[in-house]
Amino acid sequence: MFNAGIVFKECVIYVFLLFGLKGGRKKMCLAVPMRLIKFEGVNGIAEIDGVKRNVNLSFIENPEIGDYLIIHAGFAIQKLDEKEAMENIRLIKEMWEMQ
Amino acid sequence: MKYLSEFRDIKAIQKYIERIKIILNGQKISLMEVCGTHTMAISRYGIRSIVPENLRLISGPGCPVCVTPNYYIDRAVALAKEEDIIVATFGDMLRVPGSLSSLELVKIKGGDVRIVYSTMDALKIAENNPSKNVVFLGIGFETTAPTIAASIKEAKNKNIKNYFVLCAHKVMPPAMKALVANEKIGIDGFICPGHVSTIIGSNPYKFIPESYNKACVIAGFEPVDIVISIEMLIKQVIKGKPEVEIQYKRVVKPDGNTFALKTMYEVFEPCDSEWRGIGVIEGSGLKIKKDYSDFDAEENFEVEVETVRENKECICGLVLQGLKYPYECKLFRKLCTPENPVGACMVSSEGTCAAYFKYSDM
Ligand code: SF4
């Protein structure tokens, strides 16, 4: 059965999310990991979408080229755990497929 | 970008919201976030408007600039007026109004105020300007404090004698304790801060479920992270089994970042600290240890600071505790805007008033 109220609410939600997501992409939020492309000692260079930043690696155990790093105020504060990221994504996809 | 699209998947968000509605089943629950990046993300993605009405999402004191009291800003302003001092700061401090002035106004009048991206940049300014004293404004929570500690250690190692920190760092768990104990706010659970927890881990929050019977989930910053965390929290509340869970496992580990913690506590020690609008919270601040007092601006500079004044109309203090919404402030959108901020909560990009101004039509 067609329910105009529900359809309208869904549309509002969609528009809200779409705006939010677009705005989110434009901004380079500090929550977005950057990839380590070069380092010497504790000084490294990390990159995202062509933007490069100097990054201090003092707080990272065994950094490696290609690591995705969470960066705050010029310091890497953690490596992204890819196994956990994949597990998150698996759960999201599972949710997707649920009826 | 790595994995980003999955964590912004609209269909997944809608599904989680549907599930949240079913689990809530009409029950009233209030959750508070205490991280400025969460405040911004919740507003930006319109999450408050898509969750059921009986789920209240409150913003807490997660914006470091906002919780910094006026007397600190006044002190920074007084230092910036001194001829031989360069004040170095992260950008969001520049426009915060103090009692009578701001760093931006001092800069316009010729004060040497420089914006840096990292403390190491401030240290370089000190090295390049040996005839001046460089004072870095050390504000921020556990995410930022280790980076400032690292710069102080580096200054000591390199024997840089003209680098100082005006320290007003804060730690989050004691503030959460004060908030959870305040029944007027009525918090059922915390969306725990993702980056603070990257440093401190999940253990420091354990007292919240254990002593206060309230839920805790450490959340990531993408919209899917946030709705998953909300679902985890309301499940804990409804089952009556509060605990500390980590949703942001791809970054946060139970023990946090031990290297950063070690650096932080080598240079700083806990102290009581004043939060704007909330007052002094026991053990909620960090001060520079005696061994590093040569780098403590508080110890090394005497400046005359104007009498502290607060704008009586600004209800920032109540907003920071989740007791009022920004639109309940008389000045919101009228006299107080991001271009002309009256209070700190409108200045910082992470402030609750700024978030409501930008993303809410209320
Ligand atoms: S809108 Fe402006 S004046 Fe009102 S509480 Fe927020 S910061 Fe203060």
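This is a predicted model: local features need pLDDT of at least 70, side-chain atom pairs count only at pLDDT 80 or more; totals for chains, interfaces and linings use all residues.
Me: In what order do the elements of chain A run?
Reply: Starting at the N terminus, the order in chain A is α-β-β-β-β-β-α.

Me: What share of chain A is buried?
Reply: Of the 99 residues in chain A, 38% are buried. As for contacts in chain A between residues at least 6 apart in sequence, 28% join residues at least 24 apart.

Me: Turning to chain B, what surrounds the ligand?
Reply: The shell around the ligand consists of B:C314, B:I315, B:C316, B:C329, B:L331, B:F332, B:C336, B:V342, B:G343, B:C345, B:M346 and B:C353.

Me: How do the residues of that shell divide into nonpolar, polar and charged?
Reply: The shell has 11 nonpolar residues, one polar residue and no charged residues.

Me: Where does B:S348 lie?
Reply: B:S348 sits in the loop that runs between helix 16 (344-347) and helix 17 (352-359) of chain B.

Me: Does B:S348 count as buried or exposed, and why?
Reply: B:S348 counts as buried because its relative accessibility is 1%, and the cut-off for buried is under 20%.

Me: What does B:S348 touch?
Reply: Leaving aside residues up to four places away in sequence, B:S348 is in contact with B:C63, B:V65, B:C66, B:D92 and B:A354.

Me: On to helix packing: how do the axes of helix 7 and helix 8 of chain B cross?
Reply: The axes of helix 7 (residues 119-128) and helix 8 (residues 145-157) of chain B come within 9 Å and cross at roughly 30°. Angles under 35 degrees count as roughly parallel, so helix 7 of chain B is roughly parallel to helix 8 of chain B. The crossing of these two helices is right-handed.

Me: Which residues make the contact?
Reply: Helix 7 of chain B contributes B:T119, B:M120 and B:L123, while helix 8 of chain B contributes B:T147, B:I148, B:A150, B:S151, B:E154 and B:A155. Five residues of this contact are nonpolar, three are polar and one is charged.

Me: And helix 9 of chain B, how many of its residues are buried?
Reply: Helix 9 (residues 172-181) of chain B is mostly covered, with seven of its 10 residues buried. The buried residues in helix 9 of chain B are B:M172, B:P173, B:P174, B:A175, B:M176, B:L179 and B:V180.

Me: What do the buried residues of helix 9 pack against?
Reply: Within chain B, the buried residues of helix 9 pack against strand 1 (29-33), strand 7 (189-192), helix 10 (194-200), helix 11 (207-212), strand 10 (268-275) and strand 11 (279-288).

Note on methods. Residues are numbered from 1 along each chain as its sequence is written. Chains are lettered from A and ligands numbered from 1 in the order in which they are written. Side-chain values use heavy atoms; hydrogens and water are left out. Buried means under 20% relative accessible area, exposed over 50%, partly exposed in between (1.4 Å probe, protein chains only). Helices (H or I, at least four residues) and strands (E, at least two) are DSSP runs, numbered from the N terminus. Contact means heavy atoms within 4.5 Å. Axes are lines fitted to C-alpha atoms, for helices over the stretch in contact, and angles run from 0 to 180 degrees between N-to-C directions. Angles under 35 degrees count as roughly parallel, over 145 as roughly antiparallel, 65 to 115 as roughly perpendicular and the rest as oblique. A crossing is left-handed if the near helix is turned anticlockwise from the far one by less than a right angle, and right-handed if clockwise. Ala, Val, Leu, Ile, Met, Phe, Trp, Tyr, Cys and Pro count as nonpolar, Asp, Glu, Lys and Arg as charged, and the others, Gly among them, as polar. A residue is near a molecule or strand if one of its heavy atoms lies within 4 Å of it.
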